[in-house]
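Dear colleague,

I am handing over the structure below, and I would be glad if you could look through it alongside my notes.

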2 protein chains.
Amino acid sequence: MPPKLPDTPFALVDLARVDRNATRLRDRLDGLGVPLRLHVKTVKSVELVRRTHGRAPITVSTLAEAEYFAAAGYDDIVYAVGIDPHKLPRVAALRARGIALTVLLDSRAQAEAVAAAGIPALIEIDADGSRAGLRPADPLLPEIGAVLGDRLAGVLTHAGGSYHAFTPEARAAAAQGERDAVVGAAEVLRAAGMDCPVVSLGSTPTAHTVRDLTGVTEVRAGVYLFFDLVMAGLGICTLDDLALSVVVTVIGHRPDRGRILTDGGWMALSRDRGTAEQPVDQGYGLVTDLAGTPLPDLLVTGASQEHGILALRPGSGHPLPELPVGTRLRVLPNHACATAAQYAFYHVLADGALSRVERHTGW
Amino acid sequence: MPPKLPDTPFALVDLARVDRNATRLRDRLDGLGVPLRLHVKTVKSVELVRRTHGRAPITVSTLAEAEYFAAAGYDDIVYAVGIDPHKLPRVAALRARGIALTVLLDSRAQAEAVAAAGIPALIEIDADGSRAGLRPADPLLPEIGAVLGDRLAGVLTHAGGSYHAFTPEARAAAAQGERDAVVGAAEVLRAAGMDCPVVSLGSTPTAHTVRDLTGVTEVRAGVYLFFDLVMAGLGICTLDDLALSVVVTVIGHRPDRGRILTDGGWMALSRDRGTAEQPVDQGYGLVTDLAGTPLPDLLVTGASQEHGILALRPGSGHPLPELPVGTRLRVLPNHACATAAQYAFYHVLADGALSRVERHTGW
């Protein structure tokens with residue numbers, strides 16, 4: 001780290017780790033013969049996406065992301081949240097600029113609005129009951145396909161349940177279930193005489209697990225560029241792969257309560273407590289020194305708006321480390337998407353130097 | 001509400017409620033004869049602060065807030081998070097521009113750095129063990145006062161425990177304890193021969209409860225301008241006082257699971273689950289129609305990045321309401337500070353019209 005750092009808190013990105021994470025998934029999917037449609041909702045940065053993914057097709061979670069990436073030359077975009085018909089004029093405006101923007105839906109009402117607007121759509125398929133979509137056997141699936149007519153682009157699914165798959169067997173089942181659901185849905189549409197060119201699936205856990213992508217045309221993943229404690233808790237990565245951290249400073253001590261206070265509260269870290277549902281609860285994040293080496297059992301156990309409370313993991317045999325006022329530390333976050341979303345820019349560390357890189361915010 | 005609304009999600013502020021909430025606390029503190037030093041960390045908007053508070057003294061939670069409000073003419077500011085010595089040059093730069101900016105500390109190391117920089121400081125007092133500060137009887141208190149010398153501005157406390165006071169008796173005890181701690185600390189300093197002009201306390205629950213402010217020179221509060229479900233759960237306000245909501249749109253249904261999907265996920269609402277620790281858990285927020293009338297027992301029970309899952313409160317006898325795709329709804333948030341922080345601007349509703357008002361983001 002350079003000797004002079006910005007005021008804390010700030011979001012630090014380790015570029016060598018981003019590159020390594022990008023290469024790992026690219027090599028894996030190359031081996032399976034299926035392209036990646038990067039989900040940009042985690043990093044939301046043209047500079048980081050261009051570096052790791054070039055100008056290849058992307059996935060977005062908002063139309064504002066689509067507009068931001070379109071302005072930077074991205075012209076093949078899937079908006080992977082069920083479409084609100086009020087938003088179709090914005091979709092149409094992007095398409096009129098030559099952007100191949102495809103929307104997502106799972107109801108007849110959406111399909112009628114989208115078909116009337118002449119916008120291509122994917123039908124969302126429910127792989128595991130986690131969120132949205134139609135089961136492959138739902139009689140609505142071919143009905144909606146028929147409403148879309150030549151605007152039917154294909155089918156898409158996301159195995160949200162893979163975030164709760166804590167064994168290799170459970171992950172393999174989630175990955176196979178995701179593939180079988182979306183390929184099965186494509187077969188239903190084709191059996192009804194429709195074209196179904198796109199068969200899209202993905203989540204970071206399944207993308208790093210799946211072995212059979214027969215019939216699948218693209219894989220989506222996003223958080224893998226940064227990884228986080230939730231992914232480490234699932235066994236998809238190690239702590240050494242985590243590319244995003246938040247740099248904070250010690251501002252006080254309460255030795256009577258076994259606490260150290262920092263200037264990194266929930267504004268800096270987000271309120272995400274994703275590891276609370278995992279076998280190992282990491283509080284609001286795991287604390288490392290400024291070089292990135294974990295301080296044994298030291299967690300962010302509490303957070304108010306601009307205060308973080310550090311304490312040892314319950315039952316730890318380690319002593320509370322001596323960290324004087326002014327000590328800089330890093331916090332590894334539970335959920336990189338939520339933590340990154342607290343910032344309008346990253347400080348990117350590459351070859352020992354820091355540079356400021358913009359990220360997109362808002363809707 | 002006007003017929004044409006912005007794309008969802010967006011943060012809606014009901015200005016009549018803000019005004020009413022502001023008047024309520026102003027009248028209360030006028031009756032007690034103590035001025036308010038508004039904490040701007042919740043609304044972070046010059047326009048809303050000027051409307052409700054004029055250019056009177058303010059409290060901030062970051063130096064970026066201090067810089068933003070100083071640029072708008074606020075010149076009496078307390079930065080109420082323990083000072084990181086690295087940040088003193090930014091403090092000094094604001095003071096050199098004529099801003100009466102005071103910092104907060106509770107250690108000898110901070111006091112030495114602050115005194116060397118010639119910056120006035122308040123000593124943080126711990127009223128209830130919630131977070132930072134010295135107990136009034138701590139022998140460090142007069143030692144730090146002596147290190148500060150003529151840079152000692154006074155004492156400040158925040159009864160964080162008032163957020164867990166669920167009966168009128170518990171709230172009264174929290175308010176009295178907050179007052180007694182900070183006044184007691186001032187007396188310790190004065191007994192040691194030091195001046196202690198500022199005796200500052202506050203939290204929204206105690207500010208709305210306290211009856212005895214003898215010896216107190218200012219009260220701090222911030223979230224009361226918006227209020228939220230946490231404050232309603234504490235009995236400090238009613239649902240009818242909540243001035244901040246998030247407008248979302250229905251994007252799908254899972255009747256087999258009793259779920260309705262919206263485009264308002266944790267990006268729109270924040271990950272804050274503050275009511276999870278209260279007697280009534282409100283999920284990620286309580287759902288109302290677009291006019292603001294609660295839909296019986298309908299909560300945001302789950303949230304991913306850009307998806308909200310609505311379902312009935314467990315045990316509800318109500319049916320799931322019929323809310324077609326495209327229906328606009330409002331969500332009342334758990335914690336207004338965290339929800340507002342997800343936005344760079346508000347849509348302010350006044351006299352049936354919406355206008356866009358900037359708010360500050362970042363550090």
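This is a predicted model: local features need pLDDT of at least 70, side-chain atom pairs count only at pLDDT 80 or more; totals for chains, interfaces and linings use all residues.

Residues are numbered from 1 along each chain as its sequence is written, chains are lettered from A in the order in which they are written, and side-chain values use heavy atoms, with hydrogens and water left out.

Chain B is superposed on chain A by a rotation of 180° with 0.0 Å of shift along its axis, at an RMSD of 0.0 Å (least squares on the C-alpha atoms of residues with pLDDT of at least 70 in both copies). That is the relation of a two-fold axis, and in chain B the C-alpha nearest this axis belongs to B:R271, 2.5 Å away. Because 100% of the interface residues of chain B are also interface residues in chain A, the copies meet through the same surface.

Within chain A, helix α1 (residues 15-32) packs on helix α2 (residues 46-53) at an angle of about 45°, with the axes 10 Å apart (helices being DSSP runs of H or I, at least four residues, and strands runs of E, at least two; axes are lines fitted to C-alpha atoms over the stretch in contact, and angles run from 0 to 180 degrees between N-to-C directions). Among the residues of α1(A) that meet α2(A) are A:L15 and A:R26, and A:L48 is one of their partners in α2(A) (contact means heavy atoms within 4.5 Å).

According to the unreviewed UniProt entry, the annotation "domain: D-serine dehydratase-like" covers residues 243-350 of chain A, although such annotations may be inferred rather than shown by experiment. Over residues 243-350, chain A is 8% helix and 42% strand, and the end C-alpha atoms lie 11 Å apart.

Best regards
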